[in-house]
Amino acid sequence: MSLSSSSSSFPTNESVQRHLLSFQHAVDDSISASLSRHNRNDSSFRQPRVLYIDPHFYTTIENNNHDAGDAEESSSSSKHEIQITKRTRAAKKHLENSRQYRKWQRDPLREGDCKPMKPWQETSFPSCNKMHEMEIQSQFQVLTNGGYNTVYKFSDMDGSTRIAKILKYARDYTDRNLDRVRRDSLIMERATASDFVLDTYSYCGFSQLIEYGEGGDLNYWIMAVYERLSQKQKLQIATQISQALADVHNLDGNNISSMTHGDLASKQFILVDGKFKLSDFNRGRFLRWDEKTNEPCPYTIGSNDGKFRSPEEYDYIPQTSAIDVWALGSVLVQLVTGEEAWDGYENEVAQSAIVAGKLPPFREKIKYPSDPINQVLVKAIGMCYVYEPKDRPKAGAVVEYLKNEVTRLGFEWNRID
């Protein structure tokens with residue numbers, strides 16, 4: 001059919017209006033369904049995803065019989081206001097310079113004397129074509145849910161198994177969450193050279209395609225099948241996870257960390273082909289550089305859960321990449337005892353003890369304290385559990401100690417037997 005065919009038709013005024021109103025009603029229905037599905041008291045749920053509709057916005061539907069000269073005269077009689085419900089107006093309030101709106105903005109990289117430590121921190125490398133190749137409905141299987149993402153498993157076109165991480169429905173499409181995904185993807189991209197960080201294959205908006213770990217996470221190996229781990233394997237694991245942290249703390253090759261993980265725990269290490277690889281950087285931060293003091297700018301996070309974190313995190317004072325080294329010590333405690341640090345203690349009690357300078361009572365839980373490998377692990381824990389952040393060794397120092405001990409004992413560490 002020719003583009004100029006007389007049989008071509010255009011929507012009438014009435015049909016356009018019906019479609020606009022139908023669309024608005026669909027948005028309202030989606031909001032109502034979202035509100036009913038989620039508990040309003042759930043702190044992870046903020047508001048439904050809503051369109052920003054200016055209350056002064058009108059649609060002008062011109063009669064096809066009017067020519068350009070008649071447009072001004074006819075517009076007043078042919079304008080139709082889009083109907084906006086009270087529920088939509090109330091939800092929209094979160095977008096109007098409110099405290100809630102500011103809460104949903106990303107953390108600034110430029111603030112006062114603090115500037116991005118490296119130019120790449122302000123970049124991203126989205127590759128959306130790969131995402132568009134996937135048939136979500138038929139290929140994706142839900143694997144699990146994390147704090148921010150729903151995790152899917154799927155088979156790629158070459159038959160290999162991959163993971164898709166997509167922002168979970170209860171999380172809003174906010175600028176802050178968008179930047180979380182950007183950071184997560186960018187750190188994995190920068191750490192491509194490391195054998196101990198998960199590979200990334202695609203990143204687009206709120207979605208990522210990453211490497212699949214057939215062996216599960218380290219938390220499973222410690223909590224479910226701990227008795228199957230040999231002493232040799234424990235030391236190999238300790239060395240691998242320390243190497244993973246050292247790699248991401250030295251992305252630029254200058255031994256100055258430009259990022260923090262911010263949530264280092266055994267569940268973040270995934271077993272892939274005999275190697276435990278670090279993942280989930282979306283709670284981390286890019287560190288900035290203070291141009292006056294010529295050193296990294298510290299930062300704070302408003303809510304720190306659990307009982308594996310550093311004293312400065314639970315005291316809510318400025319933090320640096322040293323927080324990850326303390327958290328590494330907590331993973332090593334779990335590895336040497338088979339139990340989490342501060343197991344059996346309430347979070348509030350454990351957090352207060354950590355701020356007061358106390359260490360978890362883990363030594364008495366070690367079955368064979370005189371075992372040479374247990375002694376090595378205990379010393380590595382002591383390196384991590386240094387109260388003052390400025391005195392705490394870097395991850396590179398911890399892994400160098402462990403690698404020297406592995407060599408002394410006469411076995412390899414870069415692949416678990």
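A residue counts as buried when its relative accessible area is under 20%. By that cut-off, helix α11 (residues 322-337) is mostly covered in this predicted model. Of its 16 residues, 16 are buried. The helix reaches 23 Å from its first C-alpha to its last. This is close to the 22 Å expected at 1.5 Å a residue. Glycine 338 follows α11 and has a positive phi, near 85 degrees.

The strands come next. Strands of a sheet pair through backbone hydrogen bonds, either parallel or antiparallel. An open sheet of five strands runs in the order β4-β5-β6-β8-β7, and the pairing is antiparallel. β4 (141-145) and β7 stand at its edges. Each has a single partner strand, so one side of each is left without a neighbour in the sheet. From one strand to the next, the twist averages 20 degrees.

Within this sheet, β8 (residues 207-211) lies between β6 and β7 in the strand order. Strand β8 is mostly covered, with five of its five residues buried. Five bridges join β8 to strand β6 (residues 161-167), and the two run antiparallel. Four bridges pair β8 with strand β7 (residues 200-204), again in the antiparallel sense. Leucine 209 of β8 stands opposite alanine 164. Leucine 209 also stands opposite serine 202. β7 and β8 form a hairpin with two residues between them. Glycine 205 in the turn has a positive phi of about 60 degrees.

Another open sheet has three strands, in the order β3-β13-β14, with antiparallel pairing. Here β3 and β14 are the edge strands. Each has a single partner strand, so one side of each lacks a neighbour in the sheet. Neighbouring strands of this sheet are turned by 50 degrees against each other on average, direction ignored. Three bridges connect β3 with strand β13 (residues 288-290) in the antiparallel sense. Lysine 115 stands opposite tryptophan 289 in β13.

Charged pairs were then examined. Side chains of opposite charge can pair when their charged atoms come close. With a cut-off of 4 Å between a side-chain nitrogen of Lys or Arg and a carboxyl oxygen of Asp or Glu, the count comes to 28 salt bridges.

One of these salt bridges joins glutamate 122 and arginine 110, with the closest N and O atoms 3.0 Å apart. The pair links distant parts of the chain, 12 residues apart. Glutamate 122 is in the loop between β3 (114-116) and α5 (128-133). Arginine 110 is in the loop between α4 (99-103) and β3. At 41% relative accessibility, glutamate 122 counts as partly exposed.

Aspartate 263 and arginine 309 form another salt bridge, at 2.9 Å from N to O. Aspartate 263 lies in the loop between β9 (259-260) and β10 (269-272). Arginine 309 lies in the loop between β14 (295-297) and α10 (311-314). The pair therefore ties together parts that are 46 residues apart in sequence. Both aspartate 263 and arginine 309 are buried.

A salt bridge is also found inside a helix. The side chains of aspartate 179 and arginine 183 meet at 3.2 Å, N to O. Both residues lie in helix α7 (residues 175-190), four residues apart, about one turn of the helix. An α-helix has 3.6 residues a turn, so residues three or four places apart point the same way. Aspartate 179 and arginine 183 are both buried. They also belong to a network of salt bridges that links Arg106, Asp175, Asp179, Arg182 and Arg183.

Serine 258 and leucine 287 are 29 residues apart in sequence, yet their C-alpha atoms are 4.9 Å apart in space. Leaving aside residues up to four places away in sequence, serine 258 touches Met117, Trp120, Gln121, Leu251, Asp252, Arg285, Phe286 and Leu287.

Notes:
Residues numbered from 1 in each chain as written. Predicted model: local features only at pLDDT ≥ 70, side-chain atom pairs only at ≥ 80, totals over all residues. Heavy atoms only, no water. Buried < 20%, exposed > 50% of the residue type's maximum accessible area, 1.4 Å probe, protein only. Pairing = 2+ DSSP bridges. Axes fitted to C-alpha atoms, helices over the stretch in contact; angles between N-to-C directions. Expected span 1.5 Å × (residues − 1). Contact = heavy atoms within 4.5 Å.
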